[in-house]
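This report describes selected surface and helical features of a structure. The sequence and model are shown first.

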Amino acid sequence: MRGARCVRGRARRAFLRGLVTNLLNPKMILFSVAFLPQFVDPAAGDVTAQLVLLGALFVAVQLAVDIALGAGAGRLAGRLADGRWSRRINRICAVAFVALGIRLAAS
């Protein structure tokens, strides 16, 4: 029981750290201020509601992308833990480095 509480506490701290980091991210603020308003049409209704809807849509799309990246990274990590995949990647990298070395030596 104690271990589950510890894991939950670490997950909550990681989530809050990520939330604060994203809320204080100047790139995100600039993106929101520069990109979203160009899709707002004052003649179509309440500007604030349009901005909130666009922001929520952006967050939903970004969440889907982040989930897909996380799932893909998890699968990749599982494959990299397998020795067979590790050897394949090492061989591919070795071939690439040898090819770059040959190209460098030839120039």
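The sections below treat the model, its helices, its surface patches and some distances.

## Basis of the model

The model is predicted; local features require pLDDT of at least 70, side-chain atom pairs count only at pLDDT 80 or more, and totals for chains, interfaces and linings use all residues. Residues are numbered from 1 along each chain as its sequence is written, and side-chain values use heavy atoms, with hydrogens and water left out.

Helix 2 spans residues 26-35; helices are DSSP runs (H or I, at least four residues), numbered from the N terminus. Buried here means under 20% relative accessible area, exposed over 50%, and partly exposed in between (1.4 Å probe, protein chains only). At the start of helix 2, a side-chain oxygen of Asn 25 comes to within 3.0 Å of the backbone nitrogen of Lys 27.

Asp 41 belongs to the loop between helix 2 and helix 3 (47-81). With a relative accessible area of 40%, Asp 41 is partly exposed. Its C-alpha atom is 9.9 Å from that of Leu 51, ten residues apart in sequence.

## Surface patches

Phe 15, Leu 16, Leu 19, Val 20, Leu 23 and Leu 24 make a nonpolar surface patch of about 620 Å². Patches consist of residues with over 30% relative accessible area and no salt bridge, with like charges joined within 9 Å and nonpolar side chains (Val, Leu, Ile, Met, Phe, Trp, Tyr) within 5 Å. A salt bridge is a side-chain nitrogen of Lys or Arg within 4 Å of a carboxyl oxygen of Asp or Glu. Leu 23 lies in helix 1 (residues 2-23) and is exposed, at 58% relative accessible area.

A patch of positive charge on the surface is formed by Arg 84, Arg 87, Arg 88 and Arg 91. Arg 91 lies in helix 4 and is exposed, with a relative accessible area of 57%. An α-helix has 3.6 residues a turn, so residues three or four places apart point the same way.

Ala 96 is placed in helix 4 (residues 83-106) and is partly exposed, at 38% relative accessible area. The C-alpha atoms of Ala 96 and Arg 8, 88 residues apart along the chain, are separated by 43 Å.

Arg 103 also lies in helix 4. Arg 103 is exposed, with a relative accessible area of 65%. Between Arg 103 and Val 61, 42 residues apart in sequence, the C-alpha to C-alpha distance is 43 Å.

Definitions and conventions. Helices (H or I, at least four residues) and strands (E, at least two) are DSSP runs, numbered from the N terminus. A polar contact is a pair of N or O atoms within 3.5 Å; within protein, one must be able to donate a hydrogen and the other to accept it, and residues adjacent in sequence count only if both atoms are side-chain atoms. Accessible areas come from the Shrake-Rupley method with a 1.4 Å probe; for residues, only the protein chains shown count as cover. Lys and Arg count as positive and Asp and Glu as negative; His and the chain ends are not counted. The place of a charge is taken as NZ of Lys, CZ of Arg, CG of Asp or CD of Glu.
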